[in-house]
Amino acid sequence: MKNLLTILSAALLLTACEKGKTAAAAGSDKTDSTAASSEWKPVDSATAMKAWMEYSTPGEMQKMLAKSDGTWTGETTMWMENGAKPMMSKSEATNKMMFGGRYQITNHKGDFMGMPFEGMSIVGYDNSKKKFVSTWIDNMGTGIMNGEGEWNASTKSVEFKGKMTDPSRPGKDCDFREVFTFVDDNTQKLEMYGPDSKTGKEYKTMEIKYTRKK
């Protein structure tokens with residue numbers, strides 16, 4: 001079934017691409033179509049199929065994520081602005097690989113300023129981009145946070161970078177940076193950085209120390 005779905009996906013992709021080339025050729029008198037056509041690089045079906053198989057097959061990075069499956073307790077330190085008094089709280093996170101070991105979904109539960117907090121993340125390793133990708137949602141907002149990051153073998157960490165909603169500036173996003181470190185098999189650390197509301201300069205907004213629950 002997996003191979004069949006992969007073949008169908010590749011076939012659909014090739015069909016769509018052929019239509020795209022035909023449309024571009026038909027409208028070659030238009031500047032945007034000409035630009036798209038000039039950037040397009042033809043790919044034969046065998047090469048496309050091989051690429052799809054490599055893209056869809058879990059590898060070492062996915063296996064590394066799978067080692068984190070299980071329940072973890074978290075000790076959170078948060079700073080509302082640079083130099084502010086830290087706020088402490090506790091949380092619990094449960095990790096589980098999904099879709100045949102391709103992604104890891106995590107459910108977080110804890111408290112924030114005396115209010116119940118729930119969040120969910122999906123993390124994967126994009127075999128084509130050679131990067132980790134992540135999404136995050138929680139009950140303290142209505143947006144979706146997305147990030148990408150590369151694996152650093154020397155520090156055993158991934159540095160995610162991306163954009164997130166800045167509710168204090170309606171309609172605007174702000175940059176965020178997140179460093180996730182695999183300290184050892186039973187210890188992990190998450191450090192999050194964002195802009196200070198007064199200066200706009202980056203500072204550490206949060207740190208969570210995770211310990212595997214026995």
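Ser157 counts as buried because its relative accessibility is 8%, where buried means under 20% relative accessible area, exposed over 50% and partly exposed in between, with a 1.4 Å probe and protein chains only. The model is predicted, with local features needing pLDDT of at least 70 and side-chain atom pairs counting only at pLDDT 80 or more, while totals for chains, interfaces and linings use all residues. Residues are numbered from 1 along each chain as its sequence is written, and side-chain values use heavy atoms, with hydrogens and water left out.

Ser157 sits in strand β7, which covers residues 157–165. Strands (E, at least two residues) and helices (H or I, at least four) are DSSP runs, numbered from the N terminus. The side chain of Ser157 makes a polar contact of 2.6 Å with that of Thr155; such a contact is a pair of N or O atoms within 3.5 Å, and within protein one must be able to donate a hydrogen and the other to accept it, residues adjacent in sequence counting only if both atoms are side-chain atoms. Apart from neighbours within four places in sequence, Ser157 is in contact (heavy atoms within 4.5 Å) with Glu150, Trp151, Asn152, Val179, Phe180 and Thr181.

What about Lys129? This residue lies in the loop between β4 and β5 (131–138) and, at 45% relative accessibility, counts as partly exposed.

On a 1 Å grid over the protein atoms alone, a pocket is an open set of points where a 1.4 Å probe fits, with protein on both sides within 12 Å along at least five of seven lines, and lining residues have an atom within 4 Å of a point. The lining has 13 residues, with Tyr55, Ser56, Arg102, Tyr103 and Tyr125 nearest the centre. Two or more lining residues come from each of α3 (45–56) and β4 (115–126), and β4 gives the largest share, 3 residues.

Overall, the protein chain has 4 helices and 10 strands, in the order α-α-α-α-β-β-β-β-β-β-β-β-β-β from the N terminus on. Of its 214 residues, 31% count as buried.
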